[in-house]
Amino acid sequence: MFRNSYDNDTVTFSPTGRIFQVEYALEAIKQGSAAVGITSDTHVVLVALKRNAEELGSYQRKITRIDDNMGLALAGLAPDARLLSNHLRSLSMRQQFLFDRPLAVNAAVASIADKAQSNTQQYGRRPYGVGLLVAGYDEKGPHLFEFLPSGSMLEYVGSAIGARSQAARTYLERNFDSFEKCSLEQLIIHGLVALRDTLPQDKELTFQNTSIAVVGKDTKFTILEDDAVVPWLDKLDSTSRRPQRRETANTNENNEEGETTDITEDMVDNTESTESTNSTGSVTNAENAEDDNANANSSAEGDNETDPNDRMED
Amino acid sequence: MQHTQEKWGRPRDDVYGPYDASYLNSEPRTQTLQPTVTGTSVIGMKFNNGVVIAADNLASYGSLRRFIDQERLIKVGSETVVGVGGDVSDLQTIEEIMEGLEISESYDEPAQSLTAPNIHSYLQRIMYKRRSKLDPLWNALVIGGFKNDEPYLAFIDLLGTTYTAPAVASGFGSYLAIPILRKLVDREGDQQNVSKEQAVDAIKEAMKVLFYRDGRALDKYSLAILSKKDGKPDVEILKDVRVENQNWSMAKQIKGFGTQDE
Amino acid sequence: MTSIGTGYDLSNSVFSPDGRVFQVEYAGKAVENGSTSIGIRCKDGIVLAVEKITVSKLLKLGANKRIQTVDKHVGVVYSGMNPDGRHIVTRSREEARHWRDQFREQMPIPTLAANVASYVQLYTVYNSVRPFGVNTIIGGVDDEGSHLYMIDPSGKSWGYRGAASGRGRQTVNNELEKLDFDKLTAAEAVKEAARILYVAHEDNKDKDFELEISWVTEANGRVHEFVPESLLAEAKIYAEEQLDADVEG
């Protein structure tokens, strides 16, 4: 049943001093879709690729807000990430309550990393199956931390986790020298380009499957999704070395192929007012309503229909 | 079966004897109901570039001048001073809490700065928690420091009540010192027109009046001057400062108490 | 290895017929490949140093500190599994805090080392836990002078004048043995620590690394802190010069 006799639990070292269960937990991160984070000397940007389990299902959230100064992107078991982000939220509130100041990013990540470590040393527990990119801004500036189930925490200038994230890291390693002085806009584009590099040939970044989050100097942690992502994808297109994103966007699990493009373009114009009265605008609203229904359905019935394992890693 | 509710679950009187309710008449459990060894007023005011705080060195045992070298100004972190009035053993507890705070702050690398608003918030939570346990730390606290380069001055009492003001004082000081300090800083913002020297003089004057009129005051005190030099905080704590130019000639004029010759 | 396949190496808290606890030995393997760390005890203080291999160039320079403060007067560095090291640091801080609360004084370092070692030892006697995969070097100055201890995964705690752990420990030990600890000052020890880590790094030359050095000395008021930037820079220059001299000589 097991690959060897040293990988059954977290309390057994292999003869070379490894703990296989922890290494397997690290593999769980790679089952999740990719997330990328990068820092300039003023901001941190997170971008992530969302998945939906089925066409009518909603896309799973990849980015979570902890507080005004902090948030995270996850890859791996989303329920584990929820536990950890709830913990971070309590810590953040406690710091605000006791000391009237935001939680330092370093202290925040150390706290969840210590939690993760204890799960690697006691029998009867499993390590967390999720990797996190924690982005935050505090007195010492912007920070990007990578959290792993092993209890490891490392601060990076740029990092990527999740499926095919090596491609994103390669991009980051080639370009990280320029990040420091980047504007927020350039930083987001860098993030999106890195994220795009993780996609398989037949996939594209769309307004549905892409999440963007920013935090930094005078910038509260903000998540951009759906409509708000569109202008950024357009900017990505105009700076793109892989031309013609828009056409391929249609291939993304959308029934109304022809219209998607129109809707997308329409949204760019109507990012300010969603209450647009023109005909394409109402299509947008209808589309949203449909999405909501899909959400409701998937939460009510989804678990019966699909193998939960397919949906656990995000 | 006992049919009245208040008897349910009670041992039978005929077997065990009547219930002994005497404990119900005993005194309730109590925590500190009064302070023992105490320090008197702490006073502080802002000036255009910082804060001045003073507290004398007396620890009284009732009306006895028990200890005359009690330091009541605590430096916390690199840019904050906490002045403590009230119970001296509770002052020592606060001192230990503050040292513990400094150590935990040093754990993080790089460490966040620990500023007066942070310490003020933390102490307020502690004071309120203790009063809610009906076991207060019997103190009045004055916290001086900086918030975003601006002078910061706050007050907390044993109930956890708190406020910030350009001039604060505890105990007798709130009657005797505040009017003197408010001549210079009546409202928030007035400190802009007050120099360090003016503030120190006003505090010294207030300490003098307090020594004259507060029977639990001493003419030896500590004076903390917190200011910003080139944007960096500078904390100077002067010890063994004396109330100078004392004039007791009016003492003979005071009548109406004590043993006096007509 | 004789241990493999016998079944005696699968659980903590189990002796093999020849009296070994293999799981503890395996934990030691996790240390052997860890980053090289050093502790030096001199007459006026202690110095801790660690070689941090830059595993990715995306890592933020100067961040990810590996030497940590336990109490004002005590510092810790470790080799092996970093998350385990942080666990031990947390425990050490609790010990020191507890002592302060109980006795209103700084914890004597020999007592601290002994208590932490006892904690580490506990993790070798139950099958519900695994041993710590780290060697911990604890150093500081208290009323009795300067102290340096190293604790291994078995819970062994020995006092040292110069301690080394991790990948480069053998090279480091060779170099440490050349030092005259009776005459060495903390400022000199900082330079020597840098030099020794540079020497030890020669075996691993293709990888970049960062140097982290901290100290507790009588002169700095018995406070554990990173050495000043200027001294660190000076130490690096000294280390490079010595290394070049060795190569030429």
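Author: A residue is called buried when its relative accessible area is under 20%, exposed when that area is over 50%, and partly exposed in between; the probe is 1.4 Å and only protein chains are included. F211(B) has a relative accessibility of 11% and therefore counts as buried. W248(B), at 39%, is partly exposed.

The model is predicted, with local features needing a pLDDT of at least 70 and side-chain atom pairs 80 or more, while totals for chains, interfaces and linings use all residues. Residues are numbered from 1 along each chain as its sequence is written, chains are lettered from A and ligands numbered from 1 in the order in which they are written, and side-chain values use heavy atoms, without hydrogens or water.

Rings of Phe, Tyr and Trp (its six-membered ring) form a pair if their centres lie within 6.5 Å; the pair is stacked with planes under 30 degrees apart, edge-to-face over 60, and tilted otherwise. Over all chains there are 13 aromatic pairs. F211(B) and W248(B) make one of them: their ring centres are 5.9 Å apart and their planes stand at 90 degrees, so this pair is edge-to-face. F211(B) belongs to helix α6 (residues 196-213) of chain B and W248(B) to the segment after β13 (232-242), so the pair ties together parts that are 37 residues apart in sequence. Helices (H or I, at least four residues) and strands (E, at least two) are DSSP runs numbered from the N terminus.

Strand β13 of chain B also contains D240(B). Phi of D240(B) is positive, near 55 degrees, though the residue is not glycine. D218(A) has a positive phi too, of about 55 degrees, and is not a glycine. D218(A) sits in the loop between β9 (210-216) and β10 (219-224) of chain A, and is exposed at 76% relative accessibility. Elsewhere in chain B, the peptide bond between E109(B) and P110(B) is cis, with omega at about 0 degrees. P110(B) is found in the loop between α2 (88-107) and α3 (116-132). Most residues other than glycine have a negative phi, and most peptide bonds are trans.

F22(C) and Y26(C) are among the buried residues of α1(C), as are Q23(C) and V24(C). Helix α1 (residues 22-32) of chain C has 8 of its 11 residues buried and is mostly covered. The cover of those buried residues includes β4 (74-80), β5 (134-142) and β8 (162-165) of chain C, where contact means heavy atoms within 4.5 Å.

Two rings of chain C have a lysine charge above them. A charge sits over a ring if NZ of Lys or CZ of Arg is within 6 Å of the ring centre and within 35 degrees of the ring normal. The charged end of K65(C) is placed over F226(C), 5.3 Å from the ring centre. For K156(C) over the ring of W158(C), the distance to the centre is 5.6 Å.

C42(C) is buried, at 2% relative accessibility.
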